[in-house]
Amino acid sequence: MAKVLVTGASGFIGAHLVRELVKLGNEVTCLVRKSSSVASLTAARLVQGDITDAESLKAAIAGQDVVYQLAGCLRALHPEQLYRVNEDGVRNVAQTCAAQSNPPTLIVVSSLAAAGPAQGDRPRTEGDPPAPVSNYGRSKRAGEQAAAKFAGQVPITIVRPPIVFGEADPAMREVFSIVARYGFHLVPGWSTRRFSIIHADDLVHLMILAAQRGKRLKAASQSGQLLNGSARQGIYFVACEENPTYAELGRLIGVAVGRHRVLVLPTGKPIVWMVAGVSEAISHIRRHPWYFDLDKAREATAGSWICSPQAAIEELKFSVAAPLPERLHQTAQWYRKEGWL
């Protein structure tokens, strides 16, 4: 039985991870903030803290065998808020791990956004030079570099998931809800773009495999850049086999919610940017970020977001437990059962 700490445990992915870790017999500790909803974490020990507060991490990380760094900021009113959590917070976690007499294995959950969109139709691989296009992506890449500075002291592996969906996901719920209620699906842009996607349970499976037998980052330079020849080692993309277009995803969701005819509505880039601009303006007025803003518009219009899970398949023997249509159906059933649709 391993002693494991999960930051960001009260989030959508964190809750899936904690449930699986407890099921496997681990002694799980969750780092939670005062404002966190902890109803799904009853089987774990709770420690109050925040990754942006280095002092609060000491007691939580002490004595742990594995630390899963999931805490992050997805959207913010100002870019500085993204970097405060996604870069400075990750640095605090890695530094606190390094200060232990027996440093734990650190799994840093980053994002495909840190790597950037694909070049044409070729899926991104771990060895490709990162080229993030959004403030969010740049902040996640900065977090990777901050962690890499401690690779000589801490066994660190970085996981870069693409779009993640599954039970209890509030973001994808909106997409399911529109298809289920109104029978249409909005597609950003007119060109055909493909993207990688993964169910939360399959992502959790990959993260646990990465902790158990994943390769680790090699020592980094002072700038946080990985040394020559090690750019790929210790980093894993994860995705299911399917790389649907936005239109294909809408039709698959339609089948999952019982609508076999879905009207796909492409929206030109000017409309995407206009909606994003209005949404961001309202966010600033209300002082609360919405799901879609100018930063997300940069990602939505940047091209295809596809990555290859081949390294995880070969090195970790990773595989998804079910194909995408089945996972979408599973998610839709949960939404209905919980009254989310």
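Biologist: A salt bridge is a side-chain nitrogen of Lys or Arg within 4 Å of a carboxyl oxygen of Asp or Glu. How many salt bridges does that rule count here?

Modeller: The count comes to 12 salt bridges. Keep in mind that this is a predicted model: local features need pLDDT of at least 70, side-chain atom pairs count only at pLDDT 80 or more, and totals for chains, interfaces and linings use all residues. Residues are numbered from 1 along each chain as its sequence is written, and side-chain values use heavy atoms, leaving out hydrogens and water.

Biologist: Fine. Which residue does Glu55 pair with?

Modeller: Lys58. Their closest N and O atoms are 3.2 Å apart.

Biologist: Is Glu55 buried or exposed?

Modeller: Exposed, at 54% relative accessibility. Lys58 is partly exposed, with a relative accessible area of 47%. Buried means under 20%, exposed means over 50%, and partly exposed is in between (1.4 Å probe, protein chains only).

Biologist: Next pair. What does Glu144 bridge to?

Modeller: Glu144 bridges to Arg160, with the closest N and O atoms 2.9 Å apart. Glu144 belongs to helix α4 and Arg160 to strand β6 (residues 156-160), so the pair ties together parts 16 residues apart in sequence.

Biologist: Are those two buried or exposed?

Modeller: Glu144 is buried, with a relative accessible area of 2%. Arg160 counts as buried too, at 2%.

Biologist: And which residue partners Arg194?

Modeller: Glu248, with the closest N and O atoms 3.0 Å apart. This pair links distant parts of the chain, 54 residues apart. Arg194 is in the loop between β8 (184-188) and β9 (197-199), while Glu248 is in helix α7 (residues 246-257).

Biologist: Which residues are joined into one network?

Modeller: Glu87, Asp88 and Arg91. They are joined by salt bridges that share partners.

Biologist: Where is Ala168 found?

Modeller: In the loop between β7 (163-165) and α5 (170-182). Ala168 is partly exposed, with a relative accessible area of 32%.

Biologist: What about the phi of Lys317?

Modeller: That phi is positive as well, about 60 degrees, and Lys317 is not a glycine. Lys317 lies in the loop between α10 (310-316) and α11 (324-337). At 58% relative accessibility, Lys317 counts as exposed.

Biologist: Back to α5. Is Ser177 buried or exposed?

Modeller: Ser177 is in helix α5. It counts as buried, at 10% relative accessibility.

Biologist: How far apart are Ser177 and Val22?

Modeller: They are 155 residues apart in sequence. In space, the distance is 31 Å, C-alpha to C-alpha.

Biologist: Last one. Which helix holds Val275?

Modeller: Helix α8, residues 269-286. Val275 is partly exposed, at a relative accessible area of 43%.

Conventions:
Helix = DSSP H or I, 4+ residues; strand = E, 2+ residues; numbered from the N terminus.
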